[in-house]
Amino acid sequence: MAPVDAPWEEKMMTFLTRRTTLLAAATCAATLGLTVIAEAQTSIKIGYAISRTGPNTGGAAVTTIPNYELWVKEVNAAGGIKLGDKRVPIEVVQYDDRSNAEEAVRALERLINQDKVDFILPPWGTGLNLAVGPTLNREGYPHLAATAVTDRAPELAKRWPNSFWLLGTSADAAKSLVELLNKLRDEKKIGDTVAMVSIADGFGIDLSSAARPALTNAKFKLAYDKSYPIGTQDLAPIVNEIKALNPDVFIAFSYPPDTLALTEQSRIAGLNPKVFYTGVGTAFPLYKQKFGKNTEGVMGIGGWSGDSAAIKDYLARHKAAAANGAEPDRWASAVTYASLQMLQQAIERVGKIDRAAVIKDLQTGTFDTVIGKVKLDNNMPTRYWWVGQWQDGEFYGIAPAKNEGARAAIVPKPAWVAP
Amino acid sequence: MSTRIAGFGATALAALALLALVPRLGNAYYLALAISLLQYTVLATAWGMFSGPTRYVSLATTAFFGVGAYTVAVLGEILPWPLVLLTAAALGAIVAGIVGLSTLRLSGVYFVIFTFGLTELIRQLVVWFEVNKSRVLGRYVFVNITQADIYWQLLALTAAVFLLGWLIARSRLGFALRVIGEDETVAKHCGINTTFAKVALFTISATVMTLVGAIMAPRWTYIEPSIAFNSMISFQVLIMALLGGAHRLWGPVLGAVPLTLLFELLSARFPNTFTIILGCIFLLIVYMLPRGVAGLFEKLSTTAGGKPTQRVAA
């Protein structure tokens with residue numbers, strides 16, 4: 001997963017709110033002075049270091065920070081987390097990891113040793129989650145990685161039994177996509193020419209390396225298979241080349257900025273294959289804002305059970321709580337929120353601050369979350385949404401088809417309309 | 001003179017022995033902070049070793065640091081650790097040698113720009129190779145190295161760098177570099193092989209930086225080009241060395257230690273306004289301490305009646 005630039009209004013808003021918060025905090029500190037000591041036993045200290053600056057800011061601001069804030073607000077409004085027969089509120093300690101692995105590790109060591117927090121929420125993104133893994137493992141803190149996609153997840157879960165990899169592996173993502181394409185071809189809805197592009201970064205490389213053999217084994221014809229460097233501004237040549245090949249399926253394992261650029265360029269060039277699939281960012285609310293009616297039929301990585309009451313309720317609460325009414329993304333947001341619910345339920349079942357027992361409960365327990373009932377197997381969920389599709393303004397999960405709430409795919413994709 | 005050196009050596013050894021006990025404190029946070037302090041001390045001192053006397057401002061710190069980190073990412077699980085470090089050092093030296101030979105004829109701002117571009121060049125080469133040849137981007141480093149091990153290795157490297165710097169300053173090479181720093185044309189006329197002197201020191205300094213990258217890599221488990229080649233390191237090291245005073249061997253430490261502590265304090269106390277405060281502090285440093293902390297000490301000792309020094313800030 002990767003960076004996306006927030007619109008400047010949004011940045012301005014966050015800046016303003018941050019400044020106000022700081023001012024408020026300063027005033028509070030000045031007036032209250034030292035009267036706030038001696039309440040340590042009556043709260044649960046939760047710490048996190050998150051990317052507020054640097055290239056990860058966009059992803060953290062869409063997927064992670066709003067969910068952490070929403071959860072803390074809701075839990076505290078309800079009186080806090082239930083420990084035994086009393087409720088104790090959450091107290092938050094947070095730092096900026098500046099999108100830097102070294103900084104993230106040190107911030108966590110500070111949270112653990114200096115701030116002595118009871119629990120830690122993970123940073124955003126695959127790289128940083130892997131960077132903090134050894135520290136959380138050594139110190140015995142549960143590590144609920146909700147924004148990391150890595151093929152080594154099963155191995156990591158064994159190496160660090162305190163770590164939980166909730167977003168799955170890229171091999172799985174590619175497999176699900178190819179299964180869906182196979183089914184569509186059997187139903188005679190698509191032919192067998194595929195054009196695939198991928199970004200030359202962790203995500204694109206992992207997914208295309210997994211998809212390439214899967215497509216070839218399924219006897220799809222890979223008419224186009226290229227990668228482009230991060231930060232490529234002009235994607236028009238790629239789109240035009242692909243249009244000339246007239247494929248049935250277009251797959252882009254892309255990051256948010258190029259997901260937007262590829263979609264825009266395809267609309268302009270009139271590249272409208274029967275299946276149009278783009279990568280990270282397709283599930284972002286920004287995508288819907290930017291393309292409106294043109295999102296109809298676009299497939300992408302992620303998805304959720306948009307018809308479920310729990311998700312509808314979560315969407316409404318998220319919009320109400322966010323300062324600017326921002327919506328969650330339709331992939332890792334709900335998973336992130338679910339991971340917080342799991343943590344809370346595990347703590348409440350244990351009934352005290354006993355991290356080893358909480359880890360044990362996370363490994364074995366069943367949890368009632370916004371993404372449905374979750375029971376982990378080898379520290380990983382058994383159900384993921386891998387392909388979603390924009391249908392009538394909502395990004396519904398369509399594959400794997402066996403998932404509860406999976407919608408049927410709209411194929412062929414409707415033609416682009418003038419914006 | 002020799003008794004002074006012996007006394008100094010004894011003090012340094014005692015300090016080293018004391019510092020080696022830091023991991024025994026058993027507080028992972030202080031250990032992390034100490035690792036950070038040593039990392040920047042070595043990097044800034046190595047930077048000052050070359051850039052101080054020659055006044056070539058290099059932004060290539062990240063390039064060598066990254067080469068070291070990536071060597072560990074590729075070989076960490078295959079070779080025994082000392083061999084990995086040796087390979088990293090050798091790679092760093094080779095890259096520095098090639099780069100030095102081809103670019104140390106550049107001077108002034110051209111050299112600065114080239115060294116900055118070098119980081120991006122190496123990073124893109126690594127990306128290209130990983131994407132097209134190995135087809136993995138992002139490597140995992142699972143080696144059996146604890147935080148205390150990292151600390152001790154860095155401490156040993158710090159000691160080695162200071163010893164090396166002290167020896168070079170007393171050698172013909174050190175003298176040659178000071179002449180080059182004052183006036184390169186004059187140096188040539190005096191019969192100094194300026195190219196050799198510059199490339200030799202550039203290579204030594206770069207090898208040390210490469211070793212720091214290699215030693216630090218096991219701390220992160222996961223390495224990808226954007227993590228290994230983070231250009232912030234180049235700038236931070238430059239600022240630290242300038243604050244301390246790059247014209248003295250012990251100058252950069254005086255910048256690295258307070259600035260690392262300051263970064264730590266700011267990111268702990270003001271996580272949201274970190275960059276703004278940092279910018280203001282940099283402005284203050286440039287205006288108030290143009291010759292660094294070392295320069296300030298010299299000035300104080302001069303006004304207190306010592307000998308006036310003729311050096312100009314690097």
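How much accessible surface does chain B have, and what share of that surface belongs to carbon and sulfur atoms? The accessible surface of chain B comes to about 14600 Å², and 71% of it belongs to carbon and sulfur atoms. Accessible areas here come from the Shrake-Rupley method with a 1.4 Å probe, and for residues only the protein chains shown count as cover.

Colleagues, a word on the basis of these values. This is a predicted model, in which local features need pLDDT of at least 70 and side-chain atom pairs count only at pLDDT 80 or more, while totals for chains, interfaces and linings use all residues. Residues are numbered from 1 along each chain as its sequence is written, chains are lettered from A and ligands numbered from 1 in the order in which they are written, and side-chain values use heavy atoms, with hydrogens and water left out.

I turn to confidence. The predictor gives the complex an ipTM of 0.75 and a pTM of 0.81. For chain B the mean pLDDT, the predictor's confidence in each residue from 0 to 100, is 86, and 96% of the residues of chain B reach 70 or more. Where pLDDT is low, the predicted coordinates should not be read in detail.

Next, chain B as a whole. Its secondary structure consists of 14 helices and 2 strands; helices (H or I, at least four residues) and strands (E, at least two) are DSSP runs, numbered from the N terminus. The C-alpha trace of chain B spans about 60 × 45 × 45 Å along its principal axes. A compact globule of 314 residues would have a radius of gyration near 20 Å, and chain B agrees, with 20 Å. That radius is taken over C-alpha atoms, and the globule rule is 2.2 Å times the number of residues to the power 0.38. In chain B, 51% of the 314 residues count as buried, where buried means under 20% relative accessible area, exposed over 50% and partly exposed in between, with a 1.4 Å probe and protein chains only. Of the contacts in chain B between residues at least 6 apart in sequence, 78% join residues at least 24 apart.

Chain A has 13 helices and 16 strands. The C-alpha atoms of chain A fill a box of roughly 70 × 45 × 40 Å along the principal axes. Of its 419 residues, 56% are buried. Chain A exposes about 16600 Å², with 56% supplied by carbon and sulfur atoms.

What holds the nonpolar interior? A nonpolar core is a set of buried Ala, Val, Leu, Ile, Met, Phe, Trp, Tyr and Cys residues joined through side-chain atoms within 4.5 Å. The largest such core has 219 residues, and Trp165(A) and Ile251(A) have the most contacts inside it. Helix H9 (residues 194–216) of chain B gives the most to this core, with 13 residues. Leaving aside residues up to four places away in sequence, Ile251(A) touches several residues, among them Leu177(A), Leu181(A), Met196(A) and Tyr277(A). A second, separate core of 5 residues includes Ala200(A), Val127(B), Val131(B) and Leu137(B).

I close with local details of chain A. Strand E15 (residues 387–391) of chain A is joined by 5 bridges to E16(A), and the two run antiparallel; strands pair if DSSP finds at least two bridges between them. In this pair, Trp390(A) stands opposite Phe395(A). Strand E16 (residues 394–399) of chain A has 6 of its 6 residues buried. The hairpin has 2 residues between the strands, and Asp392(A) takes a positive phi near 55° there.

Most residues other than glycine have a negative phi, and most peptide bonds are trans. Lys188(A), not a glycine, has a positive phi of about 65°, and is exposed at 74% relative accessible area. Asn378(A) also has a positive phi, near 55°, and lies in the loop between strand E14 (372–375) and E15 of chain A. The peptide bond from Ala399(A) to Pro400(A) is cis, with omega near 0°. Another cis peptide bond joins Val411(A) and Pro412(A), with omega about -5°.

Technical notes: Contact = heavy atoms within 4.5 Å.
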